[in-house]
Amino acid sequence: MSQLSERPEKPVVGVPLPHESAVLHVTGTALYTDDLVFRTKDVLHAHPVQVMKAHGRITAIRTGAALEVPGVVRVLTGADVPGVNDAGMKHDEPLFPDEVMFHGHAVAWVLGETLEAARLGAAAIEVEIEELPSLITLEDAITAESFHGARPVMLSGDIEAGFADSEHVFTGTFQFSDQEHFYLETHCALAHIDESGQVFVQSSSQHPSETQEIVAHVLGLHSHEVTVQCLRMGGGFGGKEMQPHGFAAIAALGARLTGRPVRLRLNRTQDLTMSGKRHGFHATWKIGFDAEGRIQALDATLTSDGGWSLDLSEPVLARALCHIDNTYWIPNARIAGRIAKTNKVSNTAFRGFGGPQGMLVIEDILGRCAPRLGLDAMELRERNFYRQDQYTPYGQPVTQPERISTVWQQVKRNATVADRNREISAFNAAHPHTKRALAITGIKFGISFNLTAFNQGGALVLIYKDGSVLINHGGTEMGQGLHTKMMQVAATALGIPLYKVRLAPTRTDKVPNTSATAASSGADLNGGAIKNACEQLRERLVQVAATQLGVNGSDVRIVEGVARALGTERELAWDDLVRTAYFQRVQLSAAGYYRTDGLHWDAKAFRGTPFKYFAHGAAATEVEVDGFTGAYRIRRVDIVHDVGESLSPMIDIGQVEGGFVQGAGWLTLEDLRWNTDDGPQRGRLLTQAASTYKLPSFSEMPEEFNVSLLENAPEEGAVYGSKAVGEPPLMLAFSVREALRQAAAAFGPDGTSVELASPATPEAVYWAIQSARPGGTQVRRDAPDASVQDSVISTATEALSGA
């Protein structure tokens with residue numbers, strides 16, 4: 001084991017502990033950004049001036065009436081920006097636009113003594129626009145060839161030879177929905193100016209360093225004149241990686257111009273209509289199999305819905321291409337990607353960052369093709385697993401391919417799949433109007449940022465004279481338990497009990513130039529940096545202890561807060577050791593740093609080794625479907641997930657459970673809808689609240705939910721042998737969708753292949769059932785793709801009319 005991976009005697013990592021703020025969360029005493037308003041004097045409140053048109057050029061903004069509203073202090077427009085009027089890293093997101101690009105686009109902001117005064121002031125502002133044509137749907141953008149950003153192509157092998165060698169060739173299309181983050185805490189920022197003119201911003205941000213950078217360039221300042229702090233977030237899921245920057249800049253601009261603190265908090269409707277989502281995708285594909293069902297070639301084009309600006313659409317698309325293989329070897333591939341430009345909110349990072357979209361494409365293909373090949377879907381997937389010495393389509397060797405099979409086989413044993421499949425067959429034979437199905441899917445998810453430069457982390461660790469320890473790192477806490485793990489890493493590296501360690505809020509003036517807490521890399525990068533800082537301190541303290549104990553430094557061990565000399569009974573308590581070190585003028589603070597080694601990536605050639613390692617997992621899901629309504633329930637879920645040697649097992653199991661449920665929401669429930677007619681409300685988001693946007697609740701939870709972490713699976717070269725856990729579990733929910741597909745197909749003859757919309761709502765499952773029934777359009781073994789729409793509608797109409 002490497003020094004980074006090896007665990008010392010009696011480590012604090014690996015101990016199941018509750019979240020460090022769990023008690024604060026459940027008692028309501030945890031502070032979030034907006035709670036600080038009540039501790040701040042003379043706060044002004046910001047409210048957006050939204051234009052409710054999908055696209056148009058602004059011809060006039062009349063603000064006079066707003067200033068006559070009691071309590072309104074100022075209206076912010078583009079003329080007030082002293083620096084750069086842009087909130088994006090691509091310089092395509094004007095903070096105060098002169099062209100409305102989506103329904104609800106904010107073109108100005110009103111500052112008021114109260115939020116109500118600011119709201120009334122915003123309502124009084126008149127905005128005239130010259131309406132322009134708009135593209136709302138992904139299909140419309142593709143037809144109009146409206147694209148922006150890079151258009152990568154990933155090539156491997158010989159695609160033409162692969163298809164020539166294929167016994168079976170199928171083609172198809174697939175479009176699937178975007179997803180709303182719906183974090184509990186909406187976007188929020190609180191800014192004030194100190195006595196020296198320094199800007200201090202409290203922001204609900206996953207990327208405080210970039211928030212700092214954007215605020216600085218909007219205000220025309222240097223970064224050292226701006227400090228950004230994030231106490232904690234009430235959820236982020238990627239939605240607060242890029243999009244908080246503009247809101248923080250508005251608050252900071254208002255504070256700079258008025259000299260008073262400014263608070264900006266979006267209400268739920270504003271958050272839903274103004275902030276980006278997970279990218280929806282459209283895919284066209286052609287796949288070839290040999291006679292045994294092994295993939296020979298894949299030719300696909302993935303088109304993402306980027307919205308009005310690029311945001312993170314380019315790296316999201318890149319990761320989708322890099323994950324289209326999932327756990328399967330594709331020897332010959334040509335995968336093209338492009339980003340549609342639509343008049344909707346700018347879509348952004350969301351847990352998995354394009355990986356789920358790419359993986360969903362191949363899982364949908366295999367689910368549709370298995371019946372056509374005369375194979376059980378589980379068997380088809382197993383036949384195509386990566387083996388030793390095989391490479392991804394972008395040229396990275398697949399290390400640990402045996403773990404793909406290991407988690408798969410363990411899930412089959414844990415879930416007693418063979419026995420339950422026999423029970424399901426008997427149940428289905430006896431129940432013509434209700435069907436059950438059990439599906440297993442696996443994941444292989446690459447861990448690291450797409451951009452190599454982001455794979456670095458920093459930390460600052462302070463030891464005080466009384467032996468207490470304060471750690472600062474660049475990661476942010478959004479409920480995922482990162483801070484808990486980082487405290488465990490520090491305690492382990494120093495050899496002290498956990499209660500001696502406290503963690504400070506994330507601030508840009510303590511650890512500079514940090515990467516976003518994203519890409520599941522928070523524990524890897526920040527844990528590596530904290531471990532590095534603690535090892536510097538420990539080495540200094542070991543030398544002090546060696547002198548006190550009369551031994552060589554190599555013979556000193558610090559375990560559970562006591563320094564001991566090997567081979568003797570001499571020892572020195574941690575607090576005494578620290579005090580002695582202080583009086584010997586030994587430095588008791590250290591800056592730590594970590595960079596992920598072994599990464600390289602050529603974005604133009606689309607080849608390299610972008611990932612440090614792969615995380616693996618498998619899930620078995622059983623569902624029951626009602627044939628009359630398409631309604632379903634998840635009867636049981638079994639998961640085995642690979643987190644290496646867990647830093648904090650209780651936290652990791654919670655992440656697996658939460659990720660799975662969020663993935664199931666995306667794939668089965670969460671259906672974003674926009675107005676696409678040509679009326680005055682064109683482009684309006686119709687699902688603007690929890691009343692119209694269906695989120696997973698207790699009623700959607702599996703009736704039986706079993707989660708196991710893969711044992712004896714340390715990851716060489718990662719902090720204390722752990723693996724990332726934030727994003728990968730979301731993709732385990734593919735098993736829910738595939739089980740629903742199989743249950744719908746069970747209403748038809750053997751060999752029926754059904755197409756299933758995503759999200760697979762009860763309505764979508766109903767139509768899939770109708771297509772599977774005798775008389776519906778069924779796609780059978782080796783049949784070409786066919787449109788099922790007309791026959792499905794006619795069959796459904798007969799069913800509903802009682803025919």
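**Figure 1. Histidine 45 of β1 meets its partner in β12.** This is a predicted model. The bridge partner of histidine 45 in β12 is arginine 263. Strand β1 covers residues 44-51, and strand β12 covers residues 262-265. The two strands pair in the parallel sense, over 2 bridges. Helix α3 (residues 115-124) packs on the sheet. Helix α3 touches β1, β3, β5 and β12. The direction of α3 makes about 25 degrees with that of β1.

**Figure 2. An open sheet is built from 8 strands.** Their order is β3-β5-β1-β12-β9-β10-β11-β20. The pairing is mixed. Which strands form the edges? They are β3 (72-76) and β20 (506-507), and each pairs on one side only. In a regular strand, side chains alternate between the two faces of the sheet.

**Figure 3. Strand β5 pairs with β1 and with β3.** Strands β1 and β5 run antiparallel, joined by 7 bridges. Here valine 51 stands opposite histidine 105 of β5. Strands β3 and β5 also run antiparallel, and 4 bridges join them. Valine 72 has glycine 112 in β5 as its bridge partner. How many of the 8 residues of β5 are buried? The count is 8 of 8, and the strand is mostly covered.

**Figure 4. Helix α6 packs on the sheet.** Helix α6 spans residues 208-219. This helix touches β10 (199-203), β11 (226-230) and β20. The direction of α6 makes about 145 degrees with that of β11. Strand β20 is an edge strand of the sheet.

**Figure 5. Tryptophan 601 and phenylalanine 606 form an edge-to-face pair.** The model holds 17 aromatic pairs. In this one, the ring centres lie 5.0 Å apart. The planes meet at 75 degrees, so the pair is edge-to-face; the cut-off for that class is over 60 degrees. Are the two residues buried or exposed? Tryptophan 601 is partly exposed, because its relative accessibility is 22%. Phenylalanine 606 is buried, because its relative accessible area is 2%. The limit for buried is under 20%.

**Figure 6. Ring pairs join five residues into a cluster.** The members are Tyr394, Trp601, Phe606, Phe611 and Phe614. Trp601 and Phe606 are the edge-to-face pair of the previous view.

**Figure 7. Two charged side chains lie over aromatic rings.** The charged end of lysine 240 sits over the ring of tyrosine 183. Its distance from the ring centre is 4.5 Å. Arginine 268 lies over the face of phenylalanine 182. Here too the distance to the ring centre is 4.5 Å.

**Figure 8. Histidine 148 sits in a loop.** Where is this loop in the chain? The loop lies between α4 (138-143) and β7 (153-156). Histidine 148 counts as buried, because its relative accessible area is 12%.

Figure 9. The protein has 20 helices and 29 strands. Of its 803 residues, 62% count as buried. The C-alpha atoms fill a box of roughly 90 × 80 × 50 Å along the principal axes. The radius of gyration is 28 Å, which agrees with the value near 28 Å for a compact globule of 803 residues. Take the contacts between residues at least 6 apart in sequence: 81% join residues at least 24 apart.

Methods:
Residues are numbered from 1 along each chain as its sequence is written. This is a predicted model: local features need pLDDT of at least 70, side-chain atom pairs count only at pLDDT 80 or more; totals for chains, interfaces and linings use all residues. Side-chain values use heavy atoms; hydrogens and water are left out. Rings of Phe, Tyr and Trp (its six-membered ring) pair if their centres lie within 6.5 Å; planes under 30 degrees apart count as stacked, over 60 as edge-to-face and the rest as tilted. Buried means under 20% relative accessible area, exposed over 50%, partly exposed in between (1.4 Å probe, protein chains only). A charge sits over a ring if NZ of Lys or CZ of Arg is within 6 Å of the ring centre and within 35 degrees of the ring normal. Two strands pair if DSSP finds at least two bridges between them. Contact means heavy atoms within 4.5 Å. Axes are lines fitted to C-alpha atoms, for helices over the stretch in contact, and angles run from 0 to 180 degrees between N-to-C directions. The radius of gyration is taken over C-alpha atoms; the globule rule is 2.2 Å times the number of residues to the power 0.38.
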